[in-house]
Amino acid sequence: MRPPRVRLLLAVSVSLALSLSGCAGGPSLEERGEVTAPPGDSRRLVVGSAGFTESDLLAQMYALLLEQAGYRTKILSVTNRELYEPALENGQIDVVPEYAATFADWLNAKVNGAQAPTVGSPDLAATMTALRALAGPRGLAVLDPGRAVDQNAFAVTAAFAAEHRLKTLSDLGATRLPVRLAAGDECVQRPYCAPGLTKVYGIEVTAVDPKGVGTTQAKQAVQSGEDQLVLTTTTDATLDEFGLVLLTDDRNLQNADHIVPVVNRSRAGSAEVTGALDRLNTVLTTADLAALNERVDSWRRLPEDVARDYLADKGLIPR
């Protein structure tokens, strides 16, 4: 029988989070820059989650796959990267699902300062090279990315898309239609948002309506015709509810935010851990992840149940 898994939720201050008990698996500050110890293989692993639906689902799937490979696991939910990344370095967390370009830029800013040029890009290979170069000296190993990508995306109503024969952002740019964009207020300056839409696609963004990224309010504004375009994500599970469809980013404006497992090398860097987690890469797609999010957010099912059913359906774990 597989050992039972414990779900542990953490909602504490920075000081308490960093004082959690556990092995300090990462290199010391004095030793960073050269990691020479062999990869570790602790049989008891803590899987981290960032506390939102998608991260919870991924953490549950990681834990189930590791259990199937003979590991004992806990899930630790920490809702802030500023908390869970140091815990990952210190071996208080052993495995966490991350997003390649976002995590590369986060580590780059941590290492080189907030004003450092970004290293994440639409090029997955270049992004992974940069990410691994930043993660390695911190005692972290970045496993291979899967097929699923959670990146910024733009949606219009299905009626608007049909009227103007839109399937891609290039199609929208070619219409020369002026559009109001529902997004976060930072969209005015971010290169992947309004400036990028204009520079890369020739889309005339007349205004940014600061209603947030993929929020209900933002989608309702597009649904009602107040705005014509909304910034959301590729794994948004609620677009159908608002009659919205994504336009393909056919010129790769967005960064390569493929989902990648990141592990503490000295505790979970073994080939066995890598092999267990790599099994998810062969099946999980962006569309799958959006559907799984929907089952939790709209159908109100538990992430653990949704994750278990998905892996069983794909033949990765027994029923």
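Analyst: Strand β2 (residues 44–49) and strand β3 (residues 72–77) run parallel and are joined by six bridges; two strands count as paired if DSSP finds at least two bridges between them. Helices (H or I, at least four residues) and strands (E, at least two) are DSSP runs, numbered from the N terminus. The model is predicted: local features need pLDDT of at least 70, side-chain atom pairs count only at pLDDT 80 or more, and totals for chains, interfaces and linings use all residues. Residues are numbered from 1 along each chain as its sequence is written, and side-chain values use heavy atoms, with hydrogens and water left out.

Together with helix α2 (residues 53–68), β2 and β3 make a right-handed β-α-β unit. Right-handed here means that, with the strands pointing away from the viewer, the path from the first strand over the helix to the second runs clockwise.

Strand β2 is largely enclosed by the rest of the structure, because five of its six residues are buried. Buried means under 20% relative accessible area, exposed over 50%, and partly exposed in between, with a 1.4 Å probe and protein chains only.

There is also a contact of a charge with a ring: the charged end of R43 sits over the ring of Y71, 3.9 Å from its centre. A charge sits over a ring if NZ of Lys or CZ of Arg is within 6 Å of the ring centre and within 35 degrees of the ring normal.
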